[in-house]
Amino acid sequence: MRNDIGAALRAQRIETPSWAYGNSGTRFKVFAQEGVPRDPYEKIADAAQVHAFTGIAPTVALHIPWDRVDDYGDLARHAAGLGVGIGAINSNVFQDDDYKLGSVTNPDPAVRRKALGHLLECVDIMDATGSDTLKLWFSDGTNYPGQDDIRARQDRLAEALAAVYDRLGEGQRFLLEYKLFEPAFYLTDVPDWGTAYAHCVKLGSKAQVVVDTGHHAPGTNIEFIVAFLLREGRLGGFDFNSRFYADDDLMVGAADPFQLFRIMYEVVRGGGLRPEIAFMLDQCHNIEPKIPGQIRSVMNVQEATAKALLVDGEALAAAQAAGDVLGANAVLMDAYNTDVRPLLAALREEMGLDPDPMRAYARSGYFEKIRAERVGGTQAGWGA
Ligand code: LRH
Ligand code: MN
C-alpha cells in the first residue's frame, strides 16, 4: 500500500454519537435492547469499545440534555481514562413544549430567549469538556402556508446565530446543520446547504456547515455540496448515516455505499481529510445491536475512504482533460470496485489491532458483561 494512503488511513478520525448507544426508534415504536447504557458515563464506555477495536474513533459527540451531568469536567476525565475525548456538543431545542412554534425563530421573544439560553449553556459545556465544536440543528419550521412570516423567522434566526457566534471562545466554532423537512412539513427554517452557508458567511470563519447525509431531497448530488463547501472553506463536518427514503438514520454506507465513496472522493480531492473537518456519525440502531452497529459504520467510512484514496488522480486528470468520458469514469469505478478489505485488515494489524473488529468485539465478552451489569435503572434514549 502506498505510504501516503496508509498514513491517511491511520490518521483518519471518526466521531461516534452518544445517542447511538441508547434506545431509539420511530414514532411507531422504540425497541429497548439489553445492556443499553443508563447514563453518559456508560455511553462513553461503549464508545470507547468502538475506538478500541477500530483504532480510529477517539471522540464521542454529546447531546444536551440527553447527556446532562453534574460535573462535565469529571465526565471528560472519565472519557480520557477510557482513551477517548469529548467531541461536538449538540444542542437540543426540539423537544421542549415551548418550542412548538419554533425555538430561536419563535414569534414569542420569551421563547427565543429561552432557546438562546440553551445554546449559550452548550458553549459553557464546551468550555467544561474541552470541546471546540458546537453543533446547531433547528427543527424550527411551519406546517401550513401563512402560519408564520418566512422573512421574520430568518431575521430571528440570524439574531440568535450572531449571539452564539459572539459567545464562542478562542479555537471554538459552531457547525450549522440543515434539513429539508421533519418535524416540520411545510417549511424548515434551515432547509438546505445554501441557507446554512449564507448564514455562516455573514457571521465569520468560526461558523461552518455540517452535511447530514440524510437531510436532502431524494436525488440530491451530495458530493457536489461537499465539493462546493470545501472550495469555500465552509465545510465543518458530516453527520454520516444512510437512507433509502427520508431521514432514516441507518448505518452510513449501508443504503448507498457508492454515494459514500463519491462523497469521500470529493473530500480527498478537496483536501478535506484533515482534523478540521469533523467526520461524525449520526445514526440510530433501532433493531440492530448498537456497539457492533457503530463498529460496522466506522468500517464502512474507512472502506469508502480507502477506495477514494486509491483513485489514480493523474490518470483521472488526463482523461478529464482529454474529454475521455468513459475513460475518466472508469478510473473512478476501478477504485470503487477495488476490494480494500485485505489492505485494511493489514493496516489494523500494523496498528496492533485485530484485523476483524466485528469478530474481535463479539469474542471480547463485553456485551455479555454489560448485559449482566446494566440491570435496573432507566435505559438511555431520546427522552422525548
Ligand atoms: C436531526 C439530527 C440532528 C441531531 C439529531 C439527533 O435530524 O440529524 O443532527 O441533533 O438528528
Ligand atoms: Mn444530524
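Modeller: Let us begin with helix α8, residues 257-269, which provides the largest share of the lining of the largest cavity, namely three residues. The model is a predicted one, and what follows should be read with that in mind.

Colleague: What general idea lies behind finding such a space, and how many cavities of 30 Å³ or more does a search of the whole structure find?

Modeller: Rolling a probe the size of a water molecule over the atoms shows where empty space is left. In this case the search of the whole structure gives one cavity of 30 Å³ or more, and the largest cavity holds about 60 Å³ of space.

Colleague: Which space does ligand 1 take, and which residues are closest to ligand 1?

Modeller: Ligand 1 takes the space of the largest pocket, where 13 residues surround the ligand, the closest being H63, K135, E177, D212 and D282. This shell divides into four nonpolar, two polar and seven charged residues.

Colleague: Which side chains have polar atoms 3.0 Å from an oxygen atom of ligand 1?

Modeller: For K135, a polar side-chain atom lies 3.0 Å from an oxygen atom of ligand 1; for D212, an N or O atom of the side chain is 3.0 Å from an oxygen atom of the ligand; and D239 likewise places a polar side-chain atom 3.0 Å from a ligand oxygen. As for how far ligand 1 is covered, it exposes 300 Å² when taken alone, and the protein buries 97% of that.

Colleague: What should I look for in the backbone of E182 and P183, which are among the residues nearest the centre of the largest pocket?

Modeller: Two features can be read there, the peptide bond and the phi angle. A cis peptide bond joins E182 and P183, with omega about 10°, and phi of E182 is near 75°, a positive value in a residue other than glycine. P183 is placed in the loop between β6 (173-177) and β7 (187-188), and E182 lies in the loop between β6 and β7 as well. A cis peptide bond also joins I64 and P65, with omega about 20°, and P65 belongs to the loop between β2 (59-63) and α3 (72-81).

Colleague: How much space lies in the second largest pocket, and what lines it?

Modeller: The second largest pocket contains about 600 Å³ of space, and its lining of 31 residues has R173, P275, E276, I277 and A278 nearest the centre. The elements that give two or more residues to this lining are β3 (85-90), α7 (222-232) and β10 (278-281), and by class the lining has 15 nonpolar, nine polar and seven charged residues.

Key
Residues numbered from 1 in each chain as written. Chains lettered and ligands numbered in written order. Predicted model: local features only at pLDDT ≥ 70, side-chain atom pairs only at ≥ 80, totals over all residues. Heavy atoms only, no water. 1 Å grid on protein atoms, 1.4 Å probe; cavity = no way out; pocket = protein on both sides within 12 Å on 5 of 7 lines; lining within 4 Å. Points joined across faces, edges and corners; volume = space filled by probe spheres on them. Helix = DSSP H or I, 4+ residues; strand = E, 2+ residues; numbered from the N terminus. Nonpolar A, V, L, I, M, F, W, Y, C, P; charged D, E, K, R; others polar. Near = heavy atom within 4 Å. Polar contact = N/O pair within 3.5 Å; in protein donor to acceptor, adjacent residues only side chain to side chain. Areas by Shrake-Rupley, 256 points an atom, 1.4 Å probe, with all protein chains shown as cover. Sits in = over half its atoms within 2 Å of the grid points.
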